[in-house]
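Subject: Structure handover

Hi,

Here is the structure we talked about. Please open it alongside this note. My findings follow below it.

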Amino acid sequence: MTMSQTKETLTAAGAAEFESAVSARNISKNYGEVEALRDMSLEFPRGQLTSLLGPSGCGKTTLLKIIAGLLEPSSGEIEVNGKRVTGPGPDRAFVFQDFALLPWATVLRNVAFGLEMRGVAASEREARAEKYIKEVGLAGFENSYPHELSGGMRQRVGLARALAVDAQVLLMDEPFSAVDEQTRRKFQEDLLQLVQNENKTFIFVTHSIEEAVYVSDQIAILLPRPSRVSEIIRPSSFRNKGVDNIRRDPEYLDIVDEIWASLRSYVE
Amino acid sequence: MTLFGYRLPGMSSLLLWGLLWEIVGQMSLTFFVPPLSEVLGTLFEILGTSAFQKALFETAYAFLAGVFFAIVIGIPVGILMGKSRLLDEMLLPWVNVFLSAPLTALVPVLMVLFGFGMKSIIITTTLFAIWIIILNSRAGVRQINRSLVEMAHSFGASSTDAFFKIYFWAALPEILGGVRIGIIRAVKGVIIGQLLISIVGFGALFELYSANFLMGHFWAVLIVLFALAFTISEFLAYLERRVSYYAAKR
């Protein structure tokens, strides 16, 4: 009871306090008869991580791909830094659930791929790729091929590729769902570091409640049929208590329980 | 394979079949099968003759030219068919018809259209090889991982970039498989072309030797042809194995 009151005041305060890097305005998306998204509006504060959380079929990945410019909305518009999105652009980079690495190319070339597509000269893009390979902890694997790496290492390559193009907005589609539990925890801790160190806006799709609460500055709960944003939650107290203390923080536990309570009825 | 604890080298079964050939030949059962030793003797004898070298050159020229066109036309057409629904609907029935059609029956038509020379032989060779190359390239593109395409798109790849840096490489294992089968079919095509269109190259030698019952010569040329086709096909199979590690992971 007290919990939800604090949350509401925080939500109201939070929305006024932050400037949006990405805005989704009245987005609808239909596939023929099927309505994937209906009139969805959402603000993504600059320099923060926003999770899109919800049961399968709630359209969270569809919304992310519309923001990426990979899908066109049936109506409504996306603005990134005040500019309307008409397709993929250098202001956004995507991290894929299944990594989407080129199996025939080395780690170095994979990480440099985004730069290669932008016409950056070979020597410069390799230097930048090497820097980000080091940053994600893969130094020494520059000349390995994806099939020689573990799932977690492959996703680090995917992350380095997205970081290397230095986009202001990072779009992550269930990036840790294909890696094992322990690697996932390490990833979540690293992600918190990344959000703090890089001045980027992160949009993160996940179906894990714990993961969303652990890594997010703002959590948008999406519900299906018809798809809509049912609630926006902004955890406040545990973000600066250190990665080891988050999971036993009372607010963390309360939010996890509360989200489960509201999603429970949508899970078959 | 191991026999009595010894590891046998690859293709040692050929020795056994060769031995059987020799025995049957020595028994003089039929003029059609001279002993293998005699065939091999003839083989080395004719290798140096100018008639053989001319035939080899003519055949190699028609074969390589035919395969070249089959590859440079077949691969892009197959990839484009895999990418574009419209093109696929338009062309797929034709590709399937020509893949299974008795192309030999088409050769007289080609002779009318393109004359009795090398041009018709090259076109025949291309027609034998190209359809399977198209179909395999198409299949390779169709099973491409969608997220690789989205990835390229999201990083701003142009369609030329996507074609040369994603589609081609993603389909490479299937493309090489198609080229390998296409080349084997091209061997058939070039010989049939040489027999039916104008009597040149190995086709002329086959015609000459079989008409004069020179079976030793006949088999010798056949062995050379088989060895050439086998070498090329094994080389492509080797390339296929080099890239197959990623076939499952696109």
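One cut-off first: a residue is buried under 20% relative accessible area, exposed over 50%, and partly exposed in between. Please also keep in mind that this is a predicted model.

Salt bridges

Side chains of opposite charge can pair when their charged atoms come close. Over all chains, the count comes to 22 salt bridges.

Start with helix 6 of chain A, which covers residues 181-197. Arg184(A) and Glu181(A) both lie in this helix, three residues apart, or about one turn. Their side chains meet in a salt bridge, 3.1 Å from N to O. How accessible is Arg184(A)? Its relative accessibility is 21%, so Arg184(A) counts as partly exposed. Glu181(A) is also partly exposed, at 43%.

Helix 6 of chain A holds the pair Lys186(A) and Asp190(A) as well. These two are four residues apart, which means a separation of about one helical turn. Their side chains form a salt bridge at 3.0 Å, N to O. Lys186(A) has 42% relative accessibility and counts as partly exposed. Asp190(A), at 24%, counts as partly exposed too.

Now chain B. Glu89(B) and Arg85(B) sit four residues apart in helix 4 (residues 85-100), separated by about one helical turn. A salt bridge links their side chains at 3.3 Å, N to O. Is Glu89(B) buried or exposed? At 51% relative accessibility, Glu89(B) counts as exposed. Arg85(B) is exposed as well, with a relative accessible area of 64%.

Back in chain A, there is a network. Arg25(A), Glu77(A), Glu79(A) and Arg84(A) are joined into one by salt bridges that share partners.

A buried strand

Next, look at strand 3 of chain A, residues 49-53. Five of its five residues are buried, so the strand is largely enclosed by the rest of the structure. Both of its faces are covered. Leu49(A), Ser51(A) and Leu53(A) are buried on one side. Thr50(A) and Leu52(A) are buried on the other.

Which strands does strand 3 of chain A pair with? One is strand 8 (residues 201-206) of chain A, which runs parallel to strand 3 and is joined to it by five bridges. Strand 9 (residues 218-223) of chain A also runs parallel to strand 3, with four bridges between them. Ser51(A) has a partner in each. In strand 8 of chain A, the bridge partner of Ser51(A) is Phe204(A). In strand 9 of chain A, Ser51(A) stands opposite Ile219(A).

Best wishes

Methods: Residues numbered from 1 in each chain as written. Chains lettered and ligands numbered in written order. Predicted model: local features only at pLDDT ≥ 70, side-chain atom pairs only at ≥ 80, totals over all residues. Heavy atoms only, no water. Salt bridge = Lys/Arg side-chain N within 4 Å of Asp/Glu carboxyl O. Buried < 20%, exposed > 50% of the residue type's maximum accessible area, 1.4 Å probe, protein only. Pairing = 2+ DSSP bridges.
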